[in-house]
Amino acid sequence: MDFDGASQPLTALEGRILQVLFNSVGEDCSKSCIARQALFREHEPRDKTIDVHIKRLRYIKRLRGKLAELDAASGEVIKTIRGVGYRLSEIQQR
C-alpha cells in the first residue's frame, strides 16, 4: 500500500479487507459483507478474524496500525460501527 510517497506492505487478507472497505467508502460495511468478499465465507458472529486484522495493536502492526504509519490521520479512517461492522472514511489529501 502506498500513500504520499510512503509504502507499507499488506498481507493478502488485509488488502482484500481494505479493498472491500474502499469499495463502499463513506458507508457502513457489515462484517457479513466483508467476510463474503474478503474471507470468501459467511460471517459467524463469534469469529473475530476481521476484527483482529483491522485492530491496532501495540506490538503487532495490523491494518489500522499500518495506515497510521503511513500517515497519522489515516490510522483513524477505519471506524468501528458497533453492531454492524466498519466504515472507511475518505482520506484527506494534503
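## A buried glutamate

Glu14 is found in helix 1. Helices (H or I, at least four residues) and strands (E, at least two) are DSSP runs, numbered from the N terminus. This is a predicted model, where local features need pLDDT of at least 70, side-chain atom pairs count only at 80 or more, and totals for chains, interfaces and linings use all residues. Residues are numbered from 1 along each chain as its sequence is written, and side-chain values use heavy atoms, without hydrogens or water.

Glu14 is buried, at 1% relative accessible area (buried is under 20%, exposed over 50%, partly exposed in between; 1.4 Å probe, protein chains only). Its side chain makes a polar contact of 2.7 Å with that of Lys66 (N or O atoms within 3.5 Å, one able to donate a hydrogen and the other to accept it; residues adjacent in sequence count only through side-chain atoms). Beyond four places in sequence, Glu14 contacts Pro9, His53, Lys61, Arg62, Leu63 and Lys66 (heavy atoms within 4.5 Å).

## An exposed phenylalanine

Phe40 sits in the loop between helix 2 (31-39) and helix 3 (49-54). Phe40 is exposed, at 58% relative accessible area. Its phi is near 60°, a positive value in a residue other than glycine.

## The nonpolar core

The largest nonpolar core has 19 residues (buried Ala, Val, Leu, Ile, Met, Phe, Trp, Tyr and Cys joined through side-chain atoms within 4.5 Å). Those with the most contacts inside it are Ile17, Leu21, Ile34, Ile50, Ile54, Ile78 and Tyr86. Helix 1 (12-23), helix 2, helix 3, helix 4 (63-70) and strand 5 (85-88) each supply at least two core residues.

## Confidence

Mean pLDDT (the predictor's confidence in each residue, from 0 to 100) is 87 for the protein chain, and 88% of its residues reach 70 or more.
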